[in-house]
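Please examine the sequence and the three-dimensional structure shown here.

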Amino acid sequence: MKAAATALAVSISFLAASVVLAQSRSSGKSPVGATPIYDPVIYAELQKAPEKARNRPNPLQNDADAVAAGAILFAQHCAECHGNSAEGSRKAPSLLVPEVQTATPGALFWLLTNGVVRKRMPVWSKLPEPQRWQLVRYIKSLGGSATAVDSPVPKP
Amino acid sequence: MASFCRLVLLGFFSFSLSAVFSPPPALAQERPYFVAYDHYLEEPGNLEIEYFSTYGIQRGGNNFHAFWTECEYGATAWWTTEFYLDGQTTFHDSTVFTGFRWENRFRLLKREHFINPVLYVEYENKNGADKILKEVEGHDVEADFLVSNAEAQKEHIHEVELKLILSSTFKGWNFTENTLAAKNLSNSPWEFGYALGASRPLALKASAKRCTFCPQNFIGGVEMYGGLGDRHNFGLHDTSHYLAPVLAWNLPSGWTLRISPGFGLNDISHRFLMRWGVSREITGFGSMVSRLFGGHQ
């Protein structure tokens with residue numbers, strides 16, 4: 001009985017420690033205050049998308065509902081970390097910056113699919129492909145005409 | 001021990017209530033499986049509180065209702081940790097607390113591949129009255145459940161369980177295969193088991209309006225699980241197997257409901273198991289805890 005109680009206490013302690021440690025580690029490199037994190041390493045992940053993935057066009061490019069559906073998906077799955085308007089937070093970077101807005105839809109789709117698990121960005125392949133493309137449409141719709149590149153890079 | 005467990009259960013109940021009613025919920029995109037696991041882990045900092053039930057038809061004995069509560073936390077994007085408390089009621093017998101489990105799942109690869117491996121490591125501290133059938137291993141059969149609760153509780157089980165989860169997503173379908181190896185730490189042989197699953201949302205595109213009954217909120221599928229004997233007698237001989245359709249309904253409020261009727265595939269399996277569960281995902285739980293301890297988030 002004593003052994004069971006000890007094991008239970010140890011397990012709960014480990015669980016609590018994992019929560020606290022995971023959070024302190026995630027906030028360790030973040031600046032003080034509410035400034036969103038700006039970590040070039042995270043944005044550089046977009047450049048790692050293979051050319052084939054980068055050049056994939058968004059199959060929902062002409063879908064009239066894609067941006068609205070993407071906005072709902074964003075609020076449900078992304079806003080907690082990236083902020084309600086994708087402005088970024090202490091947990092995750094802004095998606096309004098040129099690094100993201102000038103990325104091709106294919107590169108954004110690739111990043112959503114693969115995540116950046118070492119930097120706390122989860123793998124989002126649990127969302128079906130069309131939903132990930134809807135998210136890409138929404139994210140690209142935030143950038144304004146000055147920076148957005150909403151079509152794949154033409155092949156040389 | 002009983003009063004200690006009551007205290008722990010009360011603590012968990014209060015904790016669950018406070019967690020459920022304070023922070024903002026997120027739409028969960030939860031797997032429908034009860035036994036099989038896919039390669040998707042909890043999002044970092046999110047907590048999912050879950051309650052599951054299994055109602056079992058017992059031949060030659062009393063039917064039972066086994067239940068467990070589960071707290072699943074995304075420690076990082078590659079590590080999810082879970083804590084379970086288990087109990088059961090055997091009709092015309094008694095209701096007993098049957099133990100606890102601490103489970104960890106680790107994503108092994110950085111990126112998404114055609115097959116995605118996840119390592120599962122679990123410690124179980126339970127007694128012989130455990131009937132949740134969260135997995136079937138070794139030579140687990142229906143007749144094992146005929147023992148009275150008073151007698152079964154005398155058996156204490158300390159077990160380590162390892163699983164290799166191999167999961168793929170293809171055209172909206174998830175296919176998963178889990179291989180299980182479990183070792184009772186009190187000098188018993190390694191036991192083996194398996195679970196297979198396939199599931200798909202009823203619609204792949206999201207609706208442009210918030211909705212409760214949209215087909216993309218429902219995920220249907222099927223899972224199959226069973227034992228594979230032990231180190232001395234590996235194989236299908238004297239093992240039980242189940243086939244179970246599964247359905248999950250992810251509500252926009254953050255709740256997920258699951259249901260699964262399971263059918264025994266041979267004479268030594270339970271003929272019928274009815275499972276259901278309810279869970280809620282709490283976003284930003286880690287940040288909330290961090291703030292409690294003076295963190296900035």
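The expected span of a helix is 1.5 Å times one less than its number of residues. Helices (H or I, at least four residues) and strands (E, at least two) are DSSP runs, numbered from the N terminus. This is a predicted model, in which local features need pLDDT of at least 70 and side-chain atom pairs count only at pLDDT 80 or more, while totals for chains, interfaces and linings use all residues. Residues are numbered from 1 along each chain as its sequence is written, and chains are lettered from A and ligands numbered from 1 in the order in which they are written.

Consider helix 4 of chain A, residues 66–77. Its 12 residues should span 16 Å at 1.5 Å a residue, and the end C-alpha atoms are 16 Å apart, which agrees. Nine of the 12 residues of helix 4 of chain A are buried, where buried means that 20 or more other C-beta atoms lie within 10 Å of the residue's own, with C-beta atoms placed from the backbone. Among these buried residues are A:Leu73 and A:Phe74. Their cover includes helix 5 (79–82) and helix 8 of chain A.

Helix 7 of chain A (residues 105–114) is largely enclosed by the rest of the structure, because nine of its 10 residues are buried. The buried residues include A:Leu108, A:Trp110 and A:Leu111, and those of this helix pack against helix 3 (51–54) and helix 8 (129–141) of chain A. After helix 7 of chain A comes A:Gly115, with a positive phi near 65 degrees.

In chain B, 12 strands close into a barrel with antiparallel pairing; two strands pair if DSSP finds at least two bridges between them. Strand 8 (residues 191–201) and strand 9 (residues 218–230) of chain B run antiparallel and are joined by 10 bridges. One bridge partner pair is B:Ala195 with B:Tyr225 in strand 9 of chain B.

Which residues have the most contacts inside the largest nonpolar core? They are B:Tyr33, B:Val35, B:Ala36, B:Leu47 and B:Tyr225, in a core of 41 residues. A nonpolar core is a set of buried Ala, Val, Leu, Ile, Met, Phe, Trp, Tyr and Cys residues joined through C-beta atoms within 7 Å. Strand 2 (residues 64–76) of chain B gives the largest share of this core, six residues. A second, separate core of 38 residues includes A:Leu73, A:Leu108, A:Leu111 and A:Ile139.

Terms used
Two residues are in contact if their C-beta atoms, placed from the backbone, lie within 7 Å.
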